[in-house]
Each structure stands twice: as structure tokens, then as C-alpha cells.
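Visitor: I have a structure open and would like to learn how to read it. Could you take me through it piece by piece?

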Amino acid sequence: MIVADKKPIEEVIEMVKGYQKILIAGCNECVTVCEAGGKKEVGILASALRMYFTNQGKQVQIDEVTLERQCDREYLEELRNTIDQYDAVLSLACGVGVQFLAETYFRTPVYPGVNTCFMGVTEERGVWSERCQGCGQCILGQTAGICPISRCAKRLLNGPCGGSTKGKCEISKDLDCAWQLIIDRLKELGRLADYEQIAPIKDWSTERAGGPRRVVREDVRQ
Amino acid sequence: MSAKTPSRLEQILDSGQLAVTSECGPPRGSDIGVITKKAEMIRDYVDAINITDNQTSVTRLCSLAACIHLKQMGLEPTLQMVVRDRNRIALQSDILGAAAFDIHNILCLSGDHQTFGDCPQGQNVFDIDSMQLIQTVRHMRDDGKFLGGDDIQRPPRMFVGAAANPFADPFEIRVPRLAKKIAAGAEFIQTQCIYNVDKFELWMKMARERGLHEKVYILAGVTPFKSAGMAKYMKNRVPGMDVPDEVVKRMAGVPKEKQPDEGIAICVETIKRLKECEGVRGFHIMAIEWEEKVPEIVEQAGLYPRPRMGD
Amino acid sequence: MRLRYPDTIRIIRVPCTGKVDVLHILHAFEKGADGVYVVGCLEGECRFENGNLRARRRVEQAKTILDVIGVGGERVKMFNLSSGEGTRFAEYAREMTEKIRELGPNPIKTATKRQAA
């Protein structure tokens with residue numbers, strides 16, 4: 001899922017302090033799971049901002065809504081009849097949702113309430129870590145199910161580098177060395193001999209480097 | 001193995017003699033005098049001089065420029081090239097730049113992560129990795145082509161090297177990794193500096209079992225300790241470094257003023273011991289910021305004078 | 001035990017302090033409470049294992065938010081005691097009330113009154 005983290009309240013205040021009628025819009029999917037932008041977080045942020053503005057002597061109306069998703073037009077439609085009441089929307093969806101909301105409601109200023117971080121997993125409640133960078137050409141079959149592009153700090157396809165120490169990456173003791181993980185798994189699967197195959201130079205044109213991407217499925221298009 | 005390039009380093013190794021290389025770090029500015037002085041100091045004591053490439057991700061004068069200066073002084077430079085900072089276009093371009101000045105040695109490296117250096121907020125590249133860079137240089141040299149497929153006008157004639165670290169984890173793939181680099185096209189190897197000689201000899205034994213010592217020239221890396229503090233630092237703070245307790249104890253057991261000499265003594269002993277190790281074809285003496293000691297080390301290790309090859 | 005404790009306290013009972021959310025604490029202040037304190041079992045003795053530990057973390061979170069928005073994190077606090085410690089309950093009640101008295105009324109209340117005027 002997409003993992004995001006709450007923006008500090010001070011930063012949020014800075015963004016919206018000039019407005020009188022603000023809608024805080026949460027999302028029921030990824031940001032709910034990583035407890036950054038779901039209904040509860042919307043409630044907490046709304047309450048905090050209301051108190052802040054009252055304390056400042058400002059009259060600010062802050063409303064709350066949580067949409068099923070903000071990356072699909074049908075759910076954003078829910079706001080069609082009410083959005084014009086607001087001077088600004090503070091969206092707690094991931095960067096995708098914030099943008100789609102902004103595109104859909106062209107005249108309404110939209111601000112992000114979370115920092116979108118990566119595609120990752122829930123290791124345990126409260127700890128999320130990165131697993132995929134969307135390179136567009138998945139090689140997980142060759143690397144025993146562990147991605148060196150998203151989990152190796154140097155995205156080496158023929159790792160590990162000389163800095164791998166006791167299974168940890170040279171940049172942090174808390175970061176597993178992806179190549180140690182790959183080697184361990186290859187061993188487990190009886191495929192350690194595969195290690196000596198040289199992975200070829202990657203075609204990065206399907207990744208960010210090739211420009212903003214689109215997937216078009218003619219078989220599914222209406 | 002017969003020499004394929006005009007590289008003096010390759011010729012010495014090919015003749016069966018032990019080679020000696022060293023390295024210099026470029027300055028954090030444009031005063032080339034800093035490095036030409038160091039190089040001049042060690043001119044007669046080494047066969048080739050590596051110039052590091054933004055080592056530890058600290059921005060310095062680029063390796064290529066320093067190599068060109070050294071070449072113009074009549075010295076034999078080894079261009080160190082990391083893949084952290086340049087994409088495949090820039091890498092190929094810089095290789096041609098080096099070839100334009102007839103620089104004949106290149107060491108292909110990954111590069112330390114930029115969080116260690118002076119620009120931790122910068123992007124990194126890693127378009128291709130060090131293994132693929134080895135393949136690229138060989139392709140440019142032997143096939144005379146760019147990665148994109150076009151012909152290269154006056155292809156580079158470079159002797160291709162790679163690094164090996166017998167002390168990094170996991171140990172079980174360190175020899176397979178050496179094999180991989182050889183398969184990718186590495187012709188010489190410079191290892192991480194050796195303090196745990198037993199472990200290094202074990203790695204060499206495992207390499208010999210696979211015949212790898214005959215497929216690539218292995219140069220054993222050594223670095224003299226300046227002080228017990230340096231030994232402790234390298235033991236605890238430098239990733240991929242193996243400094244046994246006895247070595248630290250030995251350094252600490254000597255009064256401060258005598259520690260530099262003790263460090264040099266340990267270094268020389270290591271070289272002498274490894275001269276007997278089958279498959280070790282030379283030594284890479286890394287005495288960063290202490291280059292003035294290289295002549296002494298080379299002499300005491302019985303490696304002076306250096307062979308004169310017909311130029 | 002019929003001990004006396006200040007009558008300015010409104011008690012809200014929950015099956016476990018683990019049920020108390022940051023939102024409940026914030027809403028209380030939004031509605032004009034001058035202080036909020038959360039009283040849970042002794043650490044290590046929570047009936048539901050670690051509900052009181054979760055509560056403590058949420059109280060800390062609420063503190064941070066209250067500081068940022070200018071209400072003051074000192075107005076919220078967590079206490080731990082066992083259900084048999086009636087005396088201590090009264091003590092904590094007095095302690096909290098004293099502290100809140102010193103801090104004065106919730107600035108939100110004053111600000112709201114000013115706005116209404």
C-alpha cells in the first residue's frame with residue numbers, strides 16, 4: 001500500500017491559516033491503514049485546528065469528511081455539491097489523491113496534510129517499510145522475491161557492495177542489506193549458484209527516468 | 001595472460017613481477033599542486049597511482065582531471081570511477097575523456113553512499129552498478145562500441161580493475177563475487193586493506209581452489225596505522241573493515257610517539273607475509289594523507305627499486 | 001471510602017483507559033474542559049494487558065498537539081493506580097485540580113467568550 005506520514009501541525013497551520021472555511025478530507029484506504037489520513041486523523045486534526053484558530057481569535061469553520069478513495073472519480077463526486085462552500089480543502093490522502101481532488105475541483109485550493117512516502121508493507125502496527133519503487137519491469141523472479149531496487153540503498157543489481165556489515169546496510173544499522181536477504185533466500189531455495197549470474201544493465205525507461213507513466217489497457221477501456 | 005593495453009601496470013604484472021600501486025586523494029579545491037606533490041614523492045616507488053573519485057562522497061577535484069595532470073608528469077595514473085554520481089552517458093563519456101589522454105588503468109567501483117559525505121541531501125545515480133561498469137569498459141575496449149551500439153572512434157585501451165573486500169559480509173559469497181567480477185571482465189583486483197591476514201589467506205585459498213588467481217591479478221591492499229586511535233576508529237566505525245583485537249592491542253601497547261613506526265612495521269610485516277601467498281601478484285598501499293611514508297614501506301618490504309619496463 | 005475530592009471534576013468511566021483516544025481528549029478541551037486527566041491501572045497490571053500503556057502514549061500525543069495549538073500540554077496528564085487505592089485517587093484529584101487552578105481557565109473558553117461578545 002501507499003505509506004504516508006502526518007505533516008506536523010505547525011506546517012499545516014502555515015498552509016491554511018488564511019482561510020475561513022476549510023474542509024478536511026480523509027481517505028478510507030492506504031492512509032487509514034497507516035494511520036495518517038483516515039477518519040480518526042481527520043477528526044484529530046480538525047479538533048486541533050479549531051482550537052488553534054479560536055485561540056488566535058479567528059472565526060474559522062472546519063468541516064470533516066472521509067471519502068472511500070480520492071484516486072477514483074466516482075468517490076470524488078461525493079463532494080460535487082458541497083465543495084464550493086469552502087475556501088480550501090486540506091486533503092489527508094496520499095499525493096495521488098490530493099492531486100486528483102485538485103484536478104477534479106479546479107477552482108478550489110487544495111493542500112496536502114500528509115507526506116507521501118513509499119509503497120510498502122505493515123511490518124507491525126506503527127512500523128511501515130518500503131518494498132517497491134515501481135520500476136515498471138519486475139525482476140523479483142530473479143532475486144528470490146526481494147527487490148534490490150527498492151531495498152538496496154544503491155539499487156545494485158549485482159550486490160552486495162563492500163559496505164554490507166553483519167547483514168545491515170552501510171548507511172544504517174537498522175536497515176537490512178537487501179543483498180544479504182537475497183543471498184539468504186537463494187540459499188533457502190537451494191539456488192545460491194544463481195548468485196553468480198550477472199544481472200544485465202537495467203532499462204530504466206519504464207521508471208521515473210522515462211517520464212511520467214501511463215498504463216493503457218485497450219481490452220478494458222470503454 | 002598477455003598484455004592487451006599499453007598500461008605499464010599490466011605489463012609489469014604480465015611479466016610475472018610483483019606490482020606496487022598506491023593512491024592519492026585529490027584536494028578539496030582546484031590547487032592541483034597538492035596532488036602533484038604527493039605523486040612526485042612516490043614516483044619511483046610505485047608502478048601506478050590510483051586517484052580516488054569523490055571518496056566517501058566528499059566533493060573533491062575529480063579523479064579524471066588529476067589523472068590527466070599525473071599523465072602529463074610522466075606518471076602512470078589509475079582512474080577510479082564510482083557509479084554513484086554518473087549515469088551511463090557520463091560514464092562512457094569520461095572513459096573516452098581519459099582515453100583521449102592515454103590513461104590506461106581504470107578501477108570500477110560502486111562508491112560510498114552519499115549520506116557519508118558533504119552532500120547527504122543530494123540525489124544519487126546508480127544507473128549501472130560496478131559489475132556492469134566493468135562489462136561496459138571491456139565492451140568499449142574489445143568491441144569498440146558504445147552501450148547504445150554505435151562504433152567508437154578510437155576506442156579506449158584500458159586495463160580494467162575492480163575492488164574486492166574479503167572482509168565484508170557475507171563471507172560465503174566473497175569468492176563467488178570475485179568470480180563474478182572476473183566473468184564481467186575484471187583484469188586486476190585491488191583489495192580492501194588487510195589487517196586480518198588469516199582471513200585474507202583463507203579467502204585466497206578459496207579463490208585458488210577455483211583457479212581464480214590465474215584469471216585475474218590480485219593486489220593485496222595495505223594501510224599503515226598512524227596511531228592506536230586510527231586503529232580503533234577503523235575497527236569500529238568503518239564498514240567492511242576487519243581489524244583484529246591483537247592488532248589494536250599491539251598499536252595501543254606502544255607509547256604514542258612510537259605508534260606511527262609500529263603502524264608501519266605492521267604494514268611491512270603484512271606485505272612480507274603475503275609475498276609468500278600464492279596468487280598475490282602485488283600490493284596496493286593506501287596511505288591517505290601519509291603518502292610520504294610510502295617510499296619507506298616499499299623499501300622495507302623489499303620492493304624497491306621498481307622494475308623499469310620499456311616504454 | 002467516602003473520601004472527599006474536588007467537585008469540579010467530572011468523571012467519565014471507561015472499561016479500560018485503552019479505550020481513551022486522542023480524539024476524546026481533544027474534544028474535551030474543544031468543549032471547554034480546563035484539564036483532562038486519565039486514570040488507569042498500574043503499569044504491568046492492566047486487566048487487558050497493555051491498554052494503559054496505549055493510553056499513556058496517546059496522552060503524550062495529545063500533550064504535543066495541545067502545546068502546538070496554544071492550549072498547553074500541562075493540562076492533560078496520566079495517572080496510574082490500583083482500584084483499591086481510594087486515598088491515592090483523591091490525592092491525584094486534588095493535585096490535578098490545584099495544577100489546573102494555577103494554569104487558569106482553558107484559553108479556548110476565554111477566546112470563545114471574546115468572539116461571542
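Guide: Start with one pair of residues. Cys27(A) has Leu67(A) in strand 3 of chain A as its bridge partner. Keep in mind that this is a predicted model.

Visitor: How many bridges pair strand 2 of chain A with strand 3 of chain A, and in which sense?

Guide: The general idea comes first. Strands of a sheet pair through backbone hydrogen bonds, and the pairing is either parallel or antiparallel. Here, strand 2 (residues 21-27) and strand 3 of chain A pair over seven bridges, in the parallel sense.

Visitor: What is the order of the strands in this open sheet of chain A?

Guide: The order is 3-2-4-5, with four strands and parallel pairing. Strand 3 (61-67) and strand 5 (110-112) of chain A are the edge strands, and each pairs on one side only. On average, neighbouring strands of this sheet are turned by 25° against each other, direction ignored.

Visitor: Which helices of chain A pack on the sheet?

Guide: Helix 1 of chain A packs on it and touches strand 2, strand 4 (88-91) and strand 5 of chain A. The direction of helix 1 makes about 160° with that of strand 4 of chain A. Helix 5 (residues 95-104) of chain A packs on the sheet too, touching strand 2, strand 4 and strand 5 of chain A. The direction of helix 5 makes about 175° with that of strand 5 of chain A.

Visitor: What about the open sheet of three strands: which order and pairing does it have?

Guide: Its order is 1-6-7 in chain A, and the pairing is antiparallel. The edge strands are strand 1 (2-6) and strand 7 (127-132) of chain A. Neighbouring strands of this sheet are turned by 70° on average, direction ignored.

Visitor: How many bridges join strand 1 of chain A to strand 6 of chain A?

Guide: Five bridges join strand 1 to strand 6 (residues 114-124) of chain A. One pair to find is Lys6(A) with its bridge partner Val114(A) in strand 6 of chain A. Strand 6 is also joined to strand 7 of chain A by five bridges, and these two run antiparallel. There, Glu124(A) stands opposite Val127(A) in strand 7 of chain A.

Visitor: How many residues lie between strand 6 and strand 7 of chain A in their hairpin?

Guide: Two residues lie between them. Look at Gly126(A) in the turn: it has a positive phi of about 95°.

Visitor: Now helices. How do I describe a packed pair?

Guide: Two packed helices are described by the angle between their axes and the distance between the axes. Take helix 1 (residues 22-30) and helix 2 (residues 51-68) of chain C: their axes come within 9 Å and cross at roughly 40°. That angle makes helix 1 of chain C oblique to helix 2 of chain C. The crossing of these two helices is right-handed.

Visitor: Which residues of helix 1 and helix 2 of chain C make the contact?

Guide: Helix 1 of chain C brings Val22(C), Ile25(C), Leu26(C) and Phe29(C). Helix 2 of chain C brings Arg58(C), Gln61(C), Ala62(C), Ile65(C) and Leu66(C). By class, that contact has seven nonpolar residues, one polar and one charged.

Visitor: Are helix 5 and helix 6 of chain B roughly parallel or roughly antiparallel?

Guide: Their axes come within 8 Å and cross at roughly 25°. That makes helix 5 of chain B roughly parallel to helix 6 of chain B. The contact takes Met131(B), Ile134(B) and Gln135(B) from helix 5 of chain B, and Lys180(B), Lys181(B) and Ala184(B) from helix 6 of chain B. These residues divide into three nonpolar, one polar and two charged.

Visitor: Last topic: the chains. Which pair of chains has the most contacts?

Guide: Chains A and B have the most among the two pairs that touch. Chain B and chain C do not touch, and their nearest C-alpha atoms are 28 Å apart. Chain A and chain C are in contact through 14 residues of chain A and 17 residues of chain C. Helix 3 of chain A gives the most to the side of chain A that touches chain C, with ten residues. That side has five nonpolar, six polar and three charged residues.

Definitions and conventions:
Residues are numbered from 1 along each chain as its sequence is written. Chains are lettered from A and ligands numbered from 1 in the order in which they are written. This is a predicted model: local features need pLDDT of at least 70, side-chain atom pairs count only at pLDDT 80 or more; totals for chains, interfaces and linings use all residues. Two residues are in contact if their C-beta atoms, placed from the backbone, lie within 7 Å. Ala, Val, Leu, Ile, Met, Phe, Trp, Tyr, Cys and Pro count as nonpolar, Asp, Glu, Lys and Arg as charged, and the others, Gly among them, as polar. Axes are lines fitted to C-alpha atoms, for helices over the stretch in contact, and angles run from 0 to 180 degrees between N-to-C directions. Angles under 35 degrees count as roughly parallel, over 145 as roughly antiparallel, 65 to 115 as roughly perpendicular and the rest as oblique. A crossing is left-handed if the near helix is turned anticlockwise from the far one by less than a right angle, and right-handed if clockwise. Two strands pair if DSSP finds at least two bridges between them.
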